[in-house]
Every structure is written in C-alpha cells, then in structure tokens.
Amino acid sequence: NGGRKFELYLRLGEIYAERSEYLRDVEMKDYETSYDKWKAAGKKGTEPQLTVKNSKAELLKSTEAFRRLVREFPKHPRTDAALYALAKTLLLLDNDNAVLYFNQIIQQHKASPLLPDTYLALGEFFFYKHDMEKAKDNYKEAMNYKESRVYPYSVYKLGWAYYNSKAANDKDTQENVNKSIAAFKLAVKISERDKENPGNFNLRQEAINDLIMVFAETERIDEAMDYFSRLGEKEAFYDML
C-alpha cells in the first residue's frame, strides 16, 4: 500500500530524529559529568570532549528515510512535508544541501502550507551564514503569509537582518537602522494584537529589549522617550538611559 508506506517512512524519519534529540541530551550530560570530574581533579589529564557520534548516527538514519520518500514518492500529496523534513534534518547536520530541498518546495509545491516555514528556514540559514541580503529576501517572502504562525517572528528577524546589513556609507547605515527599528516596532504591534499567544508575548519583550539596544547605541533618546511613553513602557526607557 503506497499511501501506508509513505506514512510509515515519514514517521520512521521523525522517530529517528526524536531519538537523535534524546541521545544528544545524553551525550551532553555525559560530557558535563566528565568535565566536572576533570575540573574537580585539578584539570589533570586530557580535557574531556563532547562526542555526538550516536545522535549524529540517528540523524543520518532520519535523512535516509526522508530521502527515500522524496525519491520514491515525488508526486505524493505530502511530498512537500518529506522535503521539508529532509531539509530541516540536513540543517541539523550542518549540510548546506538543505537549501536545495527548501528551494524544491518553493519551485514545485507552490500551494504548500509549508511555504512560510520554508522561507523562514531559508532566512535563518542565510542569516547565520552572514548573507543578510538573501536573509532579508526570504524573511520578506515569509511575511507575505500574514496568517501564518511564523509571520511575527519573520518580522522580528527582518529587523535583525537590517541591523546587521553592510552599508557603503553613513546614509545606508542610517537607512538600515531606521528599517530595523520599524521592523522591531511592527513585531511589538503584532504581538500585542495577539496577546493570547504566549510565544507572541515573549516576542514582544524580545523586540522591546532590542529596541532599547538600538536606540541606546544610536543615541536616539528623544525618539525613544516618545515611543516607550506611548507604549506604556517608560521603565524600558529608563533601562536604556
């Protein structure tokens, strides 16, 4: 049964990924225990090193399950889910080929509900590769899906992408700062609009903290005072001072 086979392989890949996460915790705890003992002994002998052999092996099994799905079921209604899972797993393995599978979703599954998540994932990939132009492009694409759960975070990260963008001159620097502030303010506004979502409440505070930092570093005191007063966050302004 092709449909059953697809679901089983998809779940198999997910289980391998879950096992990898568990084993990663075990490896981290073992490392911390070994390090504490080494430190307590006066740092004698070879310093313990973190090993991720077991967790990595499970991730490789996960990628093989997802690759098989992509290869054997290219026309399945949920092939986009297999592509997304494969790409995300490859990211955990620091494998840049993840971008190929994200782009495959964009090119071949234009009605996929995973498109906003895909654009956000690409934005994050390029952000951590310090390619702010591509990061901004993908965050903006994710922002086209305003009903998506990733919309507020995409706005927030766009602010950081602008703040970290290279500038050819002082005018470009000022423009990047202005766009960064605008994005953070929008993130705050969106989060306030959906206060029932705990994630959005946390994002609001993060955006406020980042606005404090940007205003402080650029010494835009009057603008900060006006904004935080209207927002009901005078304490944040005093923190900045």
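1. Helices H2 and H3 pack at an angle of about 155 degrees, and their axes are 9 Å apart. Helices here are DSSP runs of H or I with at least four residues, numbered from the N terminus. The axes are lines fitted to C-alpha atoms over the stretch in contact, and angles between N-to-C directions run from 0 to 180 degrees. H2 is therefore roughly antiparallel to H3, a label given to angles over 145 degrees. The crossing of H2 and H3 is left-handed; that is, the near helix is turned anticlockwise from the far one by less than a right angle.

2. The model under review is a predicted one, in which local features need pLDDT of at least 70 and side-chain atom pairs count only at pLDDT 80 or more, whereas totals for chains, interfaces and linings use all residues. Residues are numbered from 1 along each chain as its sequence is written, and side-chain values use heavy atoms, with hydrogens and water left out.

3. Which residues bring H2 and H3 together? On the H2 side they are Leu59, Ser62, Thr63, Phe66, Arg67, Leu69 and Val70, and these meet Ala82, Leu83, Ala85, Leu86, Thr89, Leu90 and Leu92 in H3. Contact means heavy atoms within 4.5 Å. By class, this contact of H2 with H3 has 10 nonpolar, 3 polar and 1 charged residues. In this scheme Ala, Val, Leu, Ile, Met, Phe, Trp, Tyr, Cys and Pro count as nonpolar, Asp, Glu, Lys and Arg as charged, and the others, Gly among them, as polar.

4. Leu69 deserves a separate remark. Beyond its neighbours within four places in sequence, Leu69 is in contact with Phe6, Tyr9, Leu10, Pro74 and Ala82. In the largest nonpolar core, which has 61 residues, Leu69, Leu211, Phe215 and Phe228 touch the most other members. The largest share of this core, 8 residues, comes from H5. Such a core is a set of buried Ala, Val, Leu, Ile, Met, Phe, Trp, Tyr and Cys residues joined through side-chain atoms within 4.5 Å.

5. The loop between helix H2 (53-72) and helix H3 (79-92) holds Pro77. Is Pro77 buried or exposed? Pro77 counts as exposed because its relative accessibility is 72%; the cut-offs are under 20% relative accessible area for buried, over 50% for exposed, and in between for partly exposed (1.4 Å probe, protein chains only). Pro77 and Gly3 are 74 residues apart in sequence, yet their C-alpha atoms are 9.8 Å apart in space.

6. Asp117 counts as buried because its relative accessibility is 10%. Its contacts, apart from neighbours within four places in sequence, are Tyr84, Arg149 and Val150.

7. The next pair is helix H6 (residues 132-142) and H7, which pack at an angle of about 160 degrees with their axes 9 Å apart. H6 is therefore roughly antiparallel to H7. The crossing of H6 and H7 is left-handed. Met132, Lys136, Tyr139, Lys140 and Ala142 in H6 meet Ser154, Lys157, Leu158, Ala161 and Tyr162 in H7. By class, the contact has 6 nonpolar, 1 polar and 3 charged residues.

8. Helix H7 (residues 151-163) also packs on helix H8 (residues 170-193): their axes come within 7 Å and cross at roughly 160 degrees. H7 is therefore roughly antiparallel to H8. H7 passes H8 in a left-handed crossing. The H7 residues in this contact include Val155, Leu158, Trp160 and Tyr163, while those of H8 include Ala183, Phe184, Leu186 and Ile190. By class, the contact of H7 with H8 has 13 nonpolar, 3 polar and 2 charged residues.

9. Gln174 is placed in helix H8. Gln174 is partly exposed, with a relative accessible area of 41%. The C-alpha atoms of Gln174 and Thr218 are separated by 9.4 Å, although these residues are 44 residues apart along the chain.

10. Lys43 has a positive phi of about 60 degrees although it is not a glycine. Lys43 lies in the loop between helix H1 (2-40) and H2, and is partly exposed at a relative accessible area of 48%. Phi of His130 is near 65 degrees, again a positive value in a residue other than glycine. His130 lies in the loop between H5 and H6, and is exposed, with a relative accessible area of 66%.

How values were computed
Helices (H or I, at least four residues) and strands (E, at least two) are DSSP runs, numbered from the N terminus. Angles under 35 degrees count as roughly parallel, over 145 as roughly antiparallel, 65 to 115 as roughly perpendicular and the rest as oblique.
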